[in-house]
Amino acid sequence: MQQPSVVLTSLRAATMQPGTDPFGLIDDAAIVLTGDRIAWVGPRHAVPADYAGFAVHDMGGRLVTPALTDCHTHVVHGGNRAAEFEMRLQGATYEEVARAGGGIISTVRATRTASREDLVARALPFVDALIAEGAAVIEIKSGYGLEPETELRMLRAARLIGQSRAVTVKTSFLAAHAVPPEYKDRADAYIDEVCIPTLRAAHAEGLVDAVDGFCEGIAFSPAQIERLFTVAAQLNIPVKLHAEQLSNLAAAALAARFDALSADHLEYLDEAGVVAMAKSGTVAVILPGAFYTLRETQSPPIELLRTYGVQMAVASDMNPGSSPMPSLLLAMNMACSCSA
């Protein structure tokens, strides 16, 4: 149904246009909506005469901003990992939790037994919370199946979420998230026998908007990720990467070599990685929820990223273990506090 045309008044508009104010603020602003499009934004006194007959809606002095994008979430999953919180309070590190059978593998066990409908039902409260805070675009990853059937089921669930809510959903294929128990000490075989064939199947079904991976000592090496990314390039699928979260494996530079959309986490990113990202235009995604939950002490090199002009984004990293936080507003608050 066609949306009515309306002029929104009595508001402050954050246009995000360059100028003297970093947010492009217009204090006494108006916004003209024609159908489902923004036709005009500017000072209230300058509303074009063409819109004089439109209905007027008073916004009561509210601040109006562009809709938000959560570019890194794991909202589709089974089970929960509440017990790990206590482990971390007792001093266990992310790696110790993972090696004790918790972490990603714990969620894998629960996700493999969940139906597509169960996955959607569990994810919707998180999605609704993000929408309520202004999110119009949400990225959703697979990565808790680690075998073909469940990875595809997760991606199908993500597509269903986009159909059932007024939000744009972008999917990331993250089968290279962890090595499943059945492939213990055989990560190369897992990449070749599971990740790559499942990526091809998911792409053929139209389920993949990007390919992601976890490049870390407890997950996959740069060489293994490179094999996956090479196939993604052959399929013309863009890539992104969990990089430099727990150590520096030069993963951000690897991502940049493939012109990645983003490299995410980045606590242990060095100057060489920053330079590579700047040259490729790869966005640095900062995930303060995970930094906080894992009680990290080393922050991403925000000043270096600013110095080299690397674009930065903030995301919730909503997941059941290391960032159980379906709130972009909280993520923004934490990012400002940690980088100030």
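Me: How do the axes of helix α4 and helix α5 cross?
Reply: In this predicted model, the axes of α4 (residues 116–132) and α5 (residues 148–164) come within 9 Å and cross at roughly 50°. Axes here are lines fitted to C-alpha atoms, for helices over the stretch in contact, with angles running from 0 to 180 degrees between N-to-C directions. Helices are DSSP runs (H or I, at least four residues), numbered from the N terminus, and strands are E runs of at least two.

Me: What do we call that, and which hand is the crossing?
Reply: α4 and α5 are oblique to each other; under 35 degrees counts as roughly parallel, over 145 as roughly antiparallel, 65 to 115 as roughly perpendicular and the rest as oblique.

Me: OK, the core. Which residues have the most contacts inside the largest one?
Reply: Val76, Ile161, Leu199, Val208 and Val211, in a nonpolar core of 77 residues. Such a core is a set of buried Ala, Val, Leu, Ile, Met, Phe, Trp, Tyr and Cys residues joined through side-chain atoms within 4.5 Å. Helix α6 (residues 187–204) gives the largest share, 9 residues.

Me: What is Val208 in contact with?
Reply: Leaving aside neighbours within four places in sequence, Val208 touches Leu155, Arg159, Thr171, Phe173, Leu199, Ala202, His203 and Ile237.

Me: Switching to rings: how many aromatic pairs?
Reply: There are 4, counting rings of Phe, Tyr and Trp (its six-membered ring) with centres within 6.5 Å; planes under 30 degrees apart are stacked, over 60 edge-to-face, the rest tilted. Tyr51 and Phe54 have centres 5.3 Å apart and planes at 55°, so that pair is tilted.

Me: And what about Phe229 and Phe258?
Reply: Their centres are 5.6 Å apart and the planes sit at 75°, so they're edge-to-face. Phe229 is in helix α7 (222–234) and Phe258 in the loop between α8 (251–257) and β10 (262–265), 29 residues apart.

Me: Is Phe229 buried or exposed?
Reply: Buried, with a relative accessible area of 0%; buried is under 20%, exposed over 50%, partly exposed in between (1.4 Å probe, protein chains only).

Me: What are the ground rules?
Reply: Residues are numbered from 1 along each chain as its sequence is written, and side-chain values use heavy atoms, without hydrogens or water. Local features need pLDDT of at least 70 and side-chain atom pairs 80 or more, while totals for chains, interfaces and linings use all residues.

Definitions and conventions. Contact = heavy atoms within 4.5 Å.
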